[in-house]
Amino acid sequence: IAMKIPFIDVGMGLSRDNGLINGMLRMTFYDIDQAQEVLAKKLAPMVDLPDDVYQNNIQISELNALNACLAIIKYKQIRGFYTDDNTYYHMLLSLNDFHLAGE
C-alpha cells in the first residue's frame, strides 16, 4: 500500500463443524486510490487464527485453487478481459452453500 501498488489478497477462515470442514473463502482487492479505506475496514485479517483448520489440514488444496481462481478472475476483470458489473473489491464465498457476497 505504501508503495502505491494495487494487489489482490486472498484468504480463508475454516472451522470444523461435527467433524466436517466449513468456512469462507475471501478475495480483497486493494486499488491504489482506495487501499487505505479498504485496509481500515479490516476485511482481511492481519494475523492467523490459532485454531483455524487451515493451519493444520493439508487436504484442502482445492480450496487454495478456488481462492486463486477468484483472484485471477478479479484480475482479469480489472484488466478488461471479463465484464465486471458489480465492481466488488471484496468477496466472500461460503463453503456450506456456495453463496457469494460482495462489497
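**Starting at Val 10**

Analyst: Happy to! Val 10 lies in strand β1; helices (H or I, at least four residues) and strands (E, at least two) are DSSP runs, numbered from the N terminus. The model is predicted, so local features need pLDDT of at least 70 and side-chain atom pairs count only at pLDDT 80 or more, while totals for chains, interfaces and linings use all residues. Residues are numbered from 1 along each chain as its sequence is written, and side-chain values use heavy atoms, with hydrogens and water left out.

User: Which residues is Val 10 in contact with, apart from neighbours within four places in sequence?

Analyst: Those are Arg 26, Met 27, Asn 67 and Ala 71. Contact means heavy atoms within 4.5 Å.

User: And is Val 10 exposed, partly exposed or buried?

Analyst: Val 10 counts as partly exposed because its relative accessibility is 33%. Buried means under 20% relative accessible area, exposed over 50%, and partly exposed in between (1.4 Å probe, protein chains only).

User: Let's zoom out. How many helices and strands does the protein chain have?

Analyst: The chain has 2 helices and 4 strands. From the N terminus on, the elements run β-β-α-α-β-β.

User: How much of the chain counts as buried?

Analyst: Of its 103 residues, 30% do.

User: What about the largest nonpolar core, how many residues has it?

Analyst: That core has 17 residues, and Met 12, Leu 14, Leu 25 and Leu 63 have the most contacts inside it. A nonpolar core is a set of buried Ala, Val, Leu, Ile, Met, Phe, Trp, Tyr and Cys residues joined through side-chain atoms within 4.5 Å. Two or more residues each come from β1 (7-17), β2 (20-30), α1 (35-40), α2 (61-78) and β3 (90-94). The largest share, 4 residues, comes from β2.

User: Now β3. Is that strand mostly covered or mostly open?

Analyst: Mostly covered: 4 of the 5 residues of β3 are buried.

User: How does β3 pair with β2?

Analyst: β2 and β3 pair in the antiparallel sense over 5 bridges; two strands pair if DSSP finds at least two bridges between them.

User: What does Phe 98 do in the hairpin of β3 and β4?

Analyst: The hairpin has 5 residues between its strands, and Phe 98 takes a positive phi near 55°, although Phe 98 is not a glycine. Phe 98 counts as exposed because its relative accessibility is 57%.

User: Where is Lys 42?

Analyst: Lys 42 sits in the loop between α1 and α2. Lys 42 also has a positive phi of about 55° without being a glycine, and at 70% relative accessibility it counts as exposed.
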